[in-house]
Amino acid sequence: QVRLVESGGQLVQSGGSLRLSCVASGLTFSTYDMSWYRRPPGKQRELVAFIISSGNTNYADSVKGRFTISRDNAKNTVSLQMNSLQPADTAVYYCNAGRSFGRTWWGQGTQVTVSS
């Protein structure tokens, strides 16, 4: 019933920008903490950014100052604006919904490829 669908990933040149979106359904979106993770090729999944239900945000050091996470509760959407992209940002990006002491939900992922 819960469904998270990411979109916006594509091939982009180094230094370019992309905006990823994740649309959630089947949950009371405004009560959930939302986050973006990524899995680079051959590496473990890592947290990129999160935005809690109240709107406070935090970022991994590797993306701080370049990426911005936001949410639109009216549209059940969390977005990730990615600027100054580098090849190291190449990964499958996943959105996640969760609450304290509760289960989490994952989207299917969207591929971001940054060429040098």
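This is a predicted model: local features need pLDDT of at least 70, side-chain atom pairs count only at pLDDT 80 or more; totals for chains, interfaces and linings use all residues.
User: How many salt bridges does a search of the whole structure find?

Analyst: Side chains of opposite charge can pair when their charged atoms come close. A salt bridge is a side-chain nitrogen of Lys or Arg within 4 Å of a carboxyl oxygen of Asp or Glu. The search finds 4. Arginine 38 meets glutamate 46 at 2.6 Å, N to O. Arginine 38 also forms a salt bridge with aspartate 89, with the closest N and O atoms 2.9 Å apart. This second pair links distant parts of the chain, 51 residues apart: arginine 38 in strand S4 (residues 33-39) and aspartate 89 in the loop between strand S8 (77-82) and S9. Strands are DSSP runs of E, at least two residues, numbered from the N terminus.

User: Is arginine 38 buried or exposed?

Analyst: Buried means under 20% relative accessible area, exposed over 50%, and partly exposed in between (1.4 Å probe, protein chains only). Arginine 38 is buried because its relative accessibility is 4%. Aspartate 89, at 2%, is buried, whereas glutamate 46, at 30%, is partly exposed.

User: Where is asparagine 96 found?

Analyst: Asparagine 96 is found in strand S9 (residues 91-98). At 6% relative accessibility, asparagine 96 is buried.

Technical notes. Residues are numbered from 1 along each chain as its sequence is written. Side-chain values use heavy atoms; hydrogens and water are left out. Helices (H or I, at least four residues) and strands (E, at least two) are DSSP runs, numbered from the N terminus.
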